[in-house]
Amino acid sequence: MDYTRRAGKYSVEREVLDEQRLEELTHRKTYSDSHPSVREQLKGSLRCSIPKLKRTVLSSFPVLYWLPRYSIWDYGMPDLISGISVGIMHLPQGMAYALLASLPPVFGLYTSLFPAVIYIFFGTSRHISIGTFTVLSIMVGSVTERLAPDMNFLITNGTNVTAEVDIAARDSYRVQVAAATTVLGGLIQVVLGMVKFGFVGTYLSEPLVRAYTTAAAAHAVVAQLKYIFGVSPTRVSGPLSLVYTLKDVCSLLPHTHLPTLVVSAVSMVFLIAAKQLNSYLGPKLPVPVPVELITIVAGTLISSYANLNINYTVPVVGEIPSGLRPPSVPDVSLFGEVIGDAFALAIVGYAISISLGKTFALKHGYKVDSNQELVALGLSNTVGGFFQCYAVCPSMSRSLIQETTGGKTQMAGVASALVVLVTILKLGPLFQELPKAILAVIVFVNLKGMFKQYSDIASLWRRSKIDLVVWLVTWVSTMLFNLDLGLAASITFALLTVIFRTQMPTYSVLGNVPGTELYVDIETHREAREIPGVTIFRSSATVYFANAELYLEALKEKSGLDISKMIIYKRRQEAKQKRRAKRAERRAKRRAKRELRRAEREAKKTPATPVFSGEEDARPWGDTCMDGNVSDVEEQDWTERENGTVFVIPTTPQTPDGQCRWEYLKGGQPDCTSLGWMSELQDGDTTTLGSSSEDTLSRDLERVSLGSLGKWTWDIHSIIIDLSTANFIDTVAIKTIKNIFQDFSEIDVDIYLAGCQASVVEQLERGDFFTDVITKRRLFASVHDAVLFCLNQRSATSFLKFEPSAETYGITKL
């Protein structure tokens, strides 16, 4: 859209809309209309109706929504095949990941059963498989080993201490610690879900989660080395525990148990080869081959017939009790010691769960409720903790199997739970001779996918350096500290990067794209044209307490106006003006006295003695301007100073209160209208750019230079602040913008706001931003409206002493 100039005014076909006019046209609701009071909100929340009750029940128990609509003919067979496939995966992973949690393998089977059943009733995702997971197992293991180390369960015989550990007592206490941590973490998740705090998972960005799981995989590998090599390193907890454990394992490598190493090597080669073959034949097979289960069965049979435990002292799983354990209340006294770990487990588990759930929901076209997912996961952990389970979340590998084998609903979870239940009740004792090294190898090989995440470093280097730094800091902090401390440090650093980026946004001055209503950064767009006399300022981030001061400094820098110096200079010039006025008044009184004495002498007809005054020799500047002409001397002086002088002169006569309007002009010859009422000013009211500033601040202020006052010192009359990027504004920012209005009004520069969102306008209203001086007429719907208003207001004034070509700025002149 082109600007059109008629009769010295800029206009456009449509009406220029400021905020007040926009509200009149759109009939915007007031804050009280759009935001009911707390009493009304509470009354509405307590009001009960049949549809509201139905929505509440269905949202709390999602199984009531999909189970009545379940079609056995359409979904029955796919869910059954998918559930059996996932259940078979639960068996080796449950027992293997229990070793990561430093618990007996049977508790991994319990963890694969009870939480999965609870999630069927409360979860909203149809494809994720709840159960054991590598990262959470390692986090639980760090807690159990910290609170129940081996040294606390050494068997004593009188005064002699043997090297044996009371394994039964140690495992029993570790189960209590794991259960207490799981229950507390589940309660935290339930509470967060009930208060609609499901968005907490969004603070865990994808680079952070991937780096965290990559570092956790390294912890898992180091934790399995003792089972693979058959050594017994000293258990270390706390910061740098990974480094100390790895150092201890390396020092014990000469004492490697060779039979255990052979079992590990053979099972690893077989497992890797079988997985590669499985991935190659996967598209041709209806169901993936359960290579982990085959490895466990084969390892158990070989170990049982070869008596590996008796003949070669290869460690085996040991006794696996048949049947289910009765529920028991966890030790509440442990809550105080594990609350930090429980919170970390709750956040990490939920982040993994919601990310997987939303991925499958987007692929299959349904919705996952983040708050309900938090409640469902919390109830799974809480109820599972009463049955001696440890913390759970979905597994990527099992969820992919459940989805790729045709699973449609959580009925597949029912089938997988039945497989695990049959194993616990009848088949558990068959795995007593399974070597622990095979379970360690299963964990080791299954971590291959996480180790591939190191390729993120190269991709993030190309895409985002900030995300790369977050990835590296997360990985380093998790590797060097415990998983809980590493997570806390990672989240803190990630939030700091957000704060730093909002504190140091990109500030830009906008120009118009000729022929359009678009305004873009003049530094990055060559075709953008500056609007004469108008500076359009924009920040890439919202203005709030952390960057308000930086915002003000950037505005001063981009506008090129040294406000502080100009205000001080103006006030000092006003003070000089007052002193000159007083001197002129005293001179007038003395002149009147001399005239009176002269009149008296003439009356007495006595000759008058000439009186000479030094003040009379200082001829006023205005005396040379008679009948619109300037003397030759003054004309020569103006010509010499035309290219190197900044004139600071008042554009209006001084008012009784001493206030006047000042104007900053570069060179040129002032009109005699201005000089006429300045006739009482003495020499020295002009300052030269070339003059040096060797003196005091007062002298420096009088020698106003191009470098100190900026590029547009003499032609800026309006500044438009584009707030379209602001999604909120706090009291500190409101105060800062008020100060901007006040400071720039001191040097006769008008400030306008543009592009404010409705919520920002409401916050300005509640913050008492608008006054009799700063009205809603200063707010405009868009930058274009503000520009048109500024040009209409100022185009006919004498503030701009030069008239640029309209075509230079892409403005059509009619």
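This is a predicted model: local features need pLDDT of at least 70, side-chain atom pairs count only at pLDDT 80 or more; totals for chains, interfaces and linings use all residues.
User: Why are β16 and β17 called paired strands?
Analyst: Pairing requires at least two bridges. Two bridges join β16 (residues 750-754) to β17, so the pair meets that requirement. The two strands run parallel, and the bridge partner of Leu753 in β17 is Leu779.

User: How do you know that the span of helix α14 agrees with its number of residues?
Analyst: Helix α14 (residues 291-306) has 16 residues, which at 1.5 Å a residue should span 22 Å. Its end C-alpha atoms are 22 Å apart, so the two values agree.

User: Which residues of α14 are buried, and what do they pack against?
Analyst: Among them are Val291, Leu293, Ile296 and Gly299; being called buried means under 20% relative accessible area. The buried residues of α14 pack against α6, α13, α15 and α20. Just after α14, Asn307 takes a positive phi of about 50°.

User: Which residues touch the most other members of the largest nonpolar core?
Analyst: Of its 104 residues, these are Met95, Val135, Met139, Val348, Tyr390 and Leu439. Helix α16 (residues 335-364) supplies the largest share of this core, 15 residues. A second, separate core of 33 residues includes Tyr507, Tyr551, Ile716 and Phe769.

Terms used:
Residues are numbered from 1 along each chain as its sequence is written. Side-chain values use heavy atoms; hydrogens and water are left out. Helices (H or I, at least four residues) and strands (E, at least two) are DSSP runs, numbered from the N terminus. A nonpolar core is a set of buried Ala, Val, Leu, Ile, Met, Phe, Trp, Tyr and Cys residues joined through side-chain atoms within 4.5 Å. Buried means under 20% relative accessible area, exposed over 50%, partly exposed in between (1.4 Å probe, protein chains only). The expected span of a helix is 1.5 Å times one less than its number of residues. Contact means heavy atoms within 4.5 Å.
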